[in-house]
Structure formats: C-alpha cells, structure tokens
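Here's a quick briefing to read with the model open on your screen. Have a look at the structure first, and then we'll walk through it topic by topic.

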Amino acid sequence: MFPTRLLRSSTVNANEIAHFSRLSAEWWNERGEFSFLHKMNPVRMQFIREKLLETAYDEQLEEAVDAKKVGILEGLDVLDVGCGGGLLSESLARIGARTTGIDASESNISIAQHHASLDPRLASNLTYKHAPAESLLTQSKRYDVVCSMEVLEHVDNPSMFLKTCAELLKPSGHLFLSTISRTPLSYFLTIFMAEKVLREVADGTHTYSKYLKPSELLEFFQLYRSSLPSSVNGDSVQTQSRPWITRLYSGEPTRKEAEVRGMIYNPLSASWVIAPRGAWGAAECNYLFWVRKPALNDTL
Ligand SMILES: C[S@@+](CC[C@H](N)C(=O)[O-])C[C@H]1O[C@@H](n2cnc3c(N)ncnc32)[C@H](O)[C@@H]1O
C-alpha cells in the first residue's frame, strides 16, 4: 500500500499549489508548459467516452445506446477534480456533460473561468469553484462521473484523496484518473528527460516518490468499501458496499469493475495513444485508470 500521511487532514500540498499557480498564465498556450496535457486531452476524452459506452452496452438495450452514442455524457453530472486551466472541463462541457471544475489554486480557477467566458456556449453547463477536493464532501451533491487527471501525483495523502473522489460519486458512478507509475522508466522520461534535459516541463513539477503504481490503486480499491445510504423498515441506515474491486485475475481486474490502460507518447506524431488492454509494459509510465462504484444494493 502506498504511503499514508495519517496526521494530515488535507490533500493539498501548498508547494504544489504555489507551483501550479505560478504557471497559471500558461494553461491555454498549446506550445508551452502544458503542451503535453493539451495533447493528452483527446485520449483522456476517448477513454472516458469508450468506457461509459461499454458499460452502457453491458446494461442497456443496444438500440437505446446506439441512439445516444455521440451524447453519452449529455446530462451527466461530472466533477473534474484539480481541473487546472480547464482543459478537460471544457471538452466535457462541450459534449453536453453538466461539468463542475474545482481546483485548489485560485489563479488556475480564474484562468479557467476567463477562458470559458470566451465561448458563450459553455455558460449553461460549465461552472468552476476554487476548492480543495475534500471540501466538497460537506455538500450533498454527488456526481455520475468524477475525473481527476494528472492530479494524484501532486496531492498529499493520496488515500484521503482517492476516498474523497470515491465518496463524491453517486452509487454506480464512474471514477476516472490518469497519473504516472513509479518505475525507473517513468523517472527517466518524466523527470530526467522532460524536466532536466529537454526542459519541456518546469523543473520540480514531479516528485518521483509521489508516483503510484497501477497495482497500488488496484490494491486500494480491493480494500475500499463505500458507505451506502439505505433504509430498513422506513428508517435510514448506513450499510457498506462490497469492495469496489472484488477479484483480480493474474493481477488484472474484471472489465466491469476497473481498468488500467497505458498511455504512450509518440514523439514522431507528437500525440498520445491508449495502449491495448493488458499490453505488457504499457503502464510503466503514464496510465489511465477507471473504477466503478458499486450500485446501491451491491453489499456482498
Ligand atoms: C498537473 S495539473 C492537472 C490539471 C488538469 N487536471 C489537467 O490535466 O489538465 C494538477 C492540478 O491539480 C491541482 N490540485 C493539486 N492538489 C489538489 C487538491 N488536493 N484539490 C484540488 N486540486 C488540486 C493543482 O492546483 C493543479 O491545477
């Protein structure tokens, strides 16, 4: 299991937030500091759409899903935790998701709000809030989808952060993460090459010890049970869900409970691709992660 700083009551690391706040003017410069995130955005969106479609096909009539294929996110309540300048939030809102972007950096939220204001079509379904993830737990609102892309490696107390994201979901909701694994390859590519040699990313952006391996996320959700409200004879009681991941086969979760997909950068085409499911070594550096919250009556 990954390190837990039990005494901390926040997921916010002040140095990380100061770092991203200093860079906030750069968010929408496609060739600048965040060029890798701009290029990553299409594959993140692809993963979210494909996974939602796949689960819809598993659970609904094929014709019904076909009819809403393009608009699979339409009308869903989506939370983008650590939204930065709003790269993913805007893409989600544009295809119809009722999107809320939150970030612990005030200047990131100002930039995100300013950029969204340039496109009046975003006004009806995109809102931003300056807030750390855990502050949302006090509100009653819960989401169909929670995304947190390239944030986990920048938080304090990752267990608390994951638990917060998990609890902000409605039952049967979807959690999407992208992050960086802790391997010699990821150190070489994301710190040595990207920060020190090529200087494509500001020095100090990444901290190797904060990277989490896919197996550590799988292990977390194998142990994690969420509290589910239910009622017995009209009285409301709290029950616990089954663990979010009930079993692994050769280290892989079942397709319906969770998924890990490597994300590979092709320097020749200057674009990211999602590696096929289970591709050997593909998740040694950047990877996408999806896990589903159990349904209300799924208490095993
Ligand atoms: C690498 S950026 C990723 C931004 C965005 N998700 C993207 O990929 O385009 C990490 C962001 O997470 C934010 N952040 C870090 N810790 C956070 C926390 N505990 N709660 C909310 N935001 C946080 C930072 O301010 C920063 O904007």
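Let's start with S181, which sits in the loop between strand 5 and helix 7 (184-197); helices (H or I, at least four residues) and strands (E, at least two) are DSSP runs, numbered from the N terminus. Keep in mind that this is a predicted model, where local features need pLDDT of at least 70 and side-chain atom pairs count only at pLDDT 80 or more, while totals for chains, interfaces and linings use all residues. Residues are numbered from 1 along each chain as its sequence is written, and side-chain values use heavy atoms, with hydrogens and water left out.

- S181 counts as buried because its relative accessibility is 2%; buried means under 20% relative accessible area, exposed over 50%, and partly exposed in between (1.4 Å probe, protein chains only).
- Leaving aside neighbours within four places in sequence, S181 is in contact with S186, Y211, L212, K213, P214, A283, E284, C285 and Y287, where contact means heavy atoms within 4.5 Å.
- T190 belongs to helix 7, and it is buried too, with a relative accessible area of 8%.
- The side chain of T190 reaches the backbone oxygen of S186 at 2.6 Å.
- T190 and Y211 are also joined side chain to side chain by a polar contact of 2.7 Å (a pair of N or O atoms within 3.5 Å; within protein, one must be able to donate a hydrogen and the other to accept it, and residues adjacent in sequence count only if both atoms are side-chain atoms).

**The ligand site**

- Which residues come nearest to the ligand? Out of the 23 around it, they are T11, R44, G82, D103 and M149; a residue is near a molecule or strand if one of its heavy atoms lies within 4 Å of it.
- R44 puts a polar side-chain atom 2.7 Å from an oxygen atom of the ligand, and N108 has a polar side-chain atom 2.8 Å from an oxygen atom of the ligand.
- A133 takes part through its backbone, with an N or O atom 3.3 Å from a nitrogen atom of the ligand.
- On its own the ligand has 600 Å² of accessible area, and the protein covers 99% of that (areas come from the Shrake-Rupley method with a 1.4 Å probe; for residues, only the protein chains shown count as cover).
- The elements that give two or more residues to the shell around the ligand are helix 1 (14-22) and helix 2 (35-59).
- By class, that shell has 14 nonpolar, six polar and three charged residues; Ala, Val, Leu, Ile, Met, Phe, Trp, Tyr, Cys and Pro count as nonpolar, Asp, Glu, Lys and Arg as charged, and the others, Gly among them, as polar.

- Helix 4 (residues 87-94) is largely enclosed by the rest of the structure, because six of its eight residues are buried.
- Those buried residues of helix 4 are L87, L88, S89, E90, L92 and A93.
- Their cover includes helix 2, strand 1 (77-81), strand 2 (98-103), helix 5 (106-117), strand 3 (126-130) and strand 4 (143-149).
- After helix 4 comes G96, which has a positive phi near 100°.
- In helix 8 (residues 214-223), the buried residues are P214, E216, L217, L218, F220 and F221.
- Among the elements covering the buried residues of helix 8 are helix 6 (158-167), strand 5 (169-180) and strand 12 (286-292).

**Cysteines**

- How many disulfides does a search of the whole structure find? It finds zero, with a disulfide taken as a pair of cysteine sulfur atoms within 2.5 Å.
- For C165, the nearest cysteine sulfur is that of C147, 9.7 Å away.
- C165 is buried at a relative accessible area of 0%, and C285 counts as buried at 8% relative accessibility.

**Backbone and loop spots**

- S172, in strand 5, has a positive phi of about 70° although it is not a glycine.
- S172 counts as partly exposed, at 25% relative accessibility.
- A270 lies in the loop between strand 10 and strand 11 (271-274), and its phi is positive at about 50°, although A270 is not a glycine.
- I72 is in the loop between helix 3 (62-67) and strand 1, and is buried with a relative accessible area of 9%.
- Not counting residues up to four places away in sequence, I72 touches R49, L52, L53 and A56.
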